Amino acid sequence: MICVLLVAGHGTLLETQIKNDVTGLYGHLAGVPKALLPGVGGKKILDFWWETVNTRQLFSEVYLVTNADKYKHYERWATANDFPVENVVNDGSTTLDDRLGAVADLELAIRSRQLQDDIMVIAGDMLCADQNFDIAQVIRFFRSKSGELAIYYELEEGEKCCSRGIVEVCPESHRITRFLEKPQEGVTASRLASVVFYCLRKETLSYLSDFLLQQPNVEDKTFGRFWEWLINEEKLPVYGMKLPTGFQLIGQVGLSDYTKWLAHYSAKQQESPAKPITCRSYARVGLMGNPSDGFNGKTIAMTISNFWAEVTLVESQTLVLLPHPLNDPTEFGSLQDLFRISRKEGYLGGLRLLQATCKKFYQFCSKQGIALTKQNFTLKYDTNIPRQVGLAGSSAIVSATLKCLMQFYNITEDDLPKPIRANFILNVETDELFITAGLQDRVVQVYEGLVYMDFSKQLMEERGYGEYIPLDMSSLPTFWLGYLGDPSDSGRIHSNVRQRWLNGETDVVEAMKRFAQLTDEARAAFHTKDWPKLAHLMDENFELRRSIYTDDCLGPGNLKMVQLARQFGSAVKLPGSGGAVVGLCMDPDRLVEMKRAFQEAGCVFCLIVPHSPSKSLESSK
């Protein structure tokens, strides 16, 4: 692949204002070409781009196209920066009036140097907010597509569409469906701005000459017009890749705009490593419908503040994943200590969850056309979610890790919407770590609060995710949670039910349909605040589950807790895969007695504190 850096524009406005500046602050910049002006971090703007593309493994040659007026400046720059002087192309123009235009400058380089390869073209006088993006990732994405590639970013607040080329991008295919050169407000809802940063296949280079033949006026020989013609009229496949950073062409801007954007981007650079990023995700209890989430059913679940997983990300020189001292032990008191810990907790701590999430995140962004910055970080985690009791502890760690990564790399809700985020978390666990899991936990941990979920086959096949509806959390009754102190018999809870369901066994298929019906009835009970009705439905949910999973599969520990709760007149069911029970007791006095009984039976008992999304927003302010 060949890279062409374009620096042939005539910045008459900026140059004139620098020359006439009376403050004396910019006198040393008089006559300096735009691309050689100071950029972010003090280095010249062109220095940054040369450092970015000066990689033999990526580019066989790099060319620089300039004008005759500033040619000597760039020749001197080339000799000082180990840039091959013979690769500096002079377009012959000396004023704004006799300029060739950006597309003609690129075509000149291709024709005069007889270039016959894929080409990356970049404006060398473009300020970049974040100078650590991975250009190799851009090339890999381009290679994965059967078309051209245009880089875009999301406009910042205050930036107007009418000053940029705006792209509309299909979120599934990443193909640019429409290109609008500096549209008026209201013409498009898109705020995705294209910049002079493109990849063109060698088979498409001839279109440059075809386009120029149709454009007699130099004002129209811009890349904005070229892409409008290629995409909107010629219908050639052009794909978009997002860089989570801002860009500003110096172009025809004045001194105030140049200094404003330089200060803005420089401030962003200084802010980036300042604060650690800490995110939490919460345990959940399945209140109705589970385990039908894995069988195209419906469920209602709720996040709880009692238990959480917290992940902290700090920028660092190298990428480091720190083991948790309790969950990922590397030191033991003795061989006997190692034996006992390994026998009780196994070998699978949280470190694998961090690693799998990071791997899947990079893979997702690469596939979705989001180029990440080349920043490293250190990740550590903490959690108080009890292990092996079905409260979604693993997915909470994955969810919190994903939140940190999204914030660190400036990935927005539009880049990774909530329904897709839930799928992402599930895929980390099922595809990477082979953990048996359903969507319920991931959905409720992403949305937070009390959530109704419909995983019907039609919805899942049509769009890849279900219908997720947050429910009102005001005036909820007091739910309680009990779990085993030693949940050693909870691991067989999923049994062979999935295979029986896939085989079309009537009892299992009908049970999953009934779980969905119970969930719809429970949703109505939440709406009318009919708590006795909800309690009855919770009991029916457990009995239905018991009928298809059998007592042997549920295990004596789970059954003991259910029987104990019923002795005190409480509704009770399993909130997850086993090892814990969730209940609803309408009698406060009997609730106190039941708590004592659970504790005396060797179980842990607590009243549930619901966690709502509004609390997360308040804590992040």
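Trainee: How do H11 and H13 lie relative to each other?
Mentor: They are oblique to each other. Bear in mind that this is a predicted model.

Trainee: What angle do the axes of H11 and H13 cross at, and how far apart do they come?
Mentor: The axes cross at roughly 45 degrees and come within 10 Å. H11 covers residues 393-408, and H13 covers residues 440-447.

Trainee: Which hand does the H11 and H13 crossing have?
Mentor: H11 passes H13 in a right-handed crossing.

Trainee: Which residues make that contact?
Mentor: H11 brings Ser395, Ala396 and Ser399. H13 brings Asp441, Arg442 and Gln445. By class, the contact of H11 with H13 has one nonpolar, three polar and two charged residues.

Trainee: How many residues of H13 are buried?
Mentor: Eight of its eight residues, so H13 is mostly covered.

Trainee: Which ones are they?
Mentor: Gln440, Asp441, Arg442, Val443, Val444, Gln445, Val446 and Tyr447 are the buried residues of H13.

Trainee: What follows H13?
Mentor: Glu448 follows H13, and its phi is positive, near 65 degrees.

Trainee: Back to H11. How does it pack with H12?
Mentor: H11 and H12 pack at an angle of about 125 degrees, and their axes are 10 Å apart. That angle makes H11 oblique to H12. The crossing of H11 and H12 is right-handed.

Trainee: Who makes the contact there?
Mentor: From H11, it is Ser394, Ser395, Val398, Ser399, Leu402 and Met406. From H12, it is Arg421, Phe424, Ile425, Val428 and Glu429. The contact of H11 with H12 has six nonpolar, three polar and two charged residues.

Trainee: What about H10 and H12?
Mentor: H10 spans residues 351-368 and H12 spans residues 418-432. They pack at about 125 degrees, with their axes 10 Å apart. H10 and H12 are therefore oblique to each other. Their crossing is right-handed.

Trainee: Which residues of H10 and H12 touch?
Mentor: On H10, look at Ala356, Thr357, Lys359, Lys360, Phe361, Gln363 and Phe364. On H12, look at Ile420, Phe424, Asn427, Val428, Asp431 and Glu432. The contact of H10 with H12 divides into six nonpolar, three polar and four charged residues.

Trainee: New topic. Is H4 largely enclosed or open?
Mentor: Helix H4, residues 102-112, is largely enclosed by the rest of the structure, because eight of its 11 residues are buried.

Trainee: Which residues of H4 are buried?
Mentor: Val103, Ala104, Asp105, Leu106, Glu107, Leu108, Ala109 and Ile110.

Trainee: And what covers them?
Mentor: The cover includes strands E1 (2-6), E2 (61-66), E3 (88-90) and E4 (119-123). It also includes helices H6 (206-213) and H7 (223-233). Just after H4, Gln114 takes a positive phi of about 55 degrees.

Trainee: Where does Asn327 lie?
Mentor: Asn327 lies in the loop between strand E14 (320-321) and helix H9 (335-345).

Trainee: Is Asn327 buried or exposed?
Mentor: Asn327 is buried, because its relative accessible area is 17% and the cut-off for buried is under 20%.

Trainee: What does Asn327 touch?
Mentor: Not counting residues up to four places away in sequence, Asn327 touches Gly349, Gly350, Tyr381, Thr383 and Arg387.

Trainee: Which strand holds Glu168?
Mentor: Glu168 is in strand E7, residues 165-169. Leaving aside neighbours within four places in sequence, Glu168 is in contact with Arg175, Ile176, Thr177, Arg178, Leu180, Thr188 and Ser190.

Trainee: How far is Glu168 from Ser194?
Mentor: Their C-alpha atoms are separated by 9.9 Å, and the two are 26 residues apart along the chain.

Trainee: Zooming out, how many helices and strands are there?
Mentor: The chain has 20 helices and 21 strands. Its C-alpha trace spans about 95 × 55 × 45 Å along the principal axes.

Trainee: What share of the chain is buried?
Mentor: Buried residues make up 54% of the 621 residues. The chain exposes about 27,500 Å², and carbon and sulfur atoms supply 50% of that.

Trainee: And the contacts along the sequence?
Mentor: Take contacts between residues at least 6 apart in sequence. Of those, 75% join residues at least 24 apart.

Notes. Residues are numbered from 1 along each chain as its sequence is written. This is a predicted model: local features need pLDDT of at least 70, side-chain atom pairs count only at pLDDT 80 or more; totals for chains, interfaces and linings use all residues. Side-chain values use heavy atoms; hydrogens and water are left out. Axes are lines fitted to C-alpha atoms, for helices over the stretch in contact, and angles run from 0 to 180 degrees between N-to-C directions. Helices (H or I, at least four residues) and strands (E, at least two) are DSSP runs, numbered from the N terminus. Angles under 35 degrees count as roughly parallel, over 145 as roughly antiparallel, 65 to 115 as roughly perpendicular and the rest as oblique. A crossing is left-handed if the near helix is turned anticlockwise from the far one by less than a right angle, and right-handed if clockwise. Contact means heavy atoms within 4.5 Å. Ala, Val, Leu, Ile, Met, Phe, Trp, Tyr, Cys and Pro count as nonpolar, Asp, Glu, Lys and Arg as charged, and the others, Gly among them, as polar. Buried means under 20% relative accessible area, exposed over 50%, partly exposed in between (1.4 Å probe, protein chains only). Accessible areas come from the Shrake-Rupley method with a 1.4 Å probe; for residues, only the protein chains shown count as cover.
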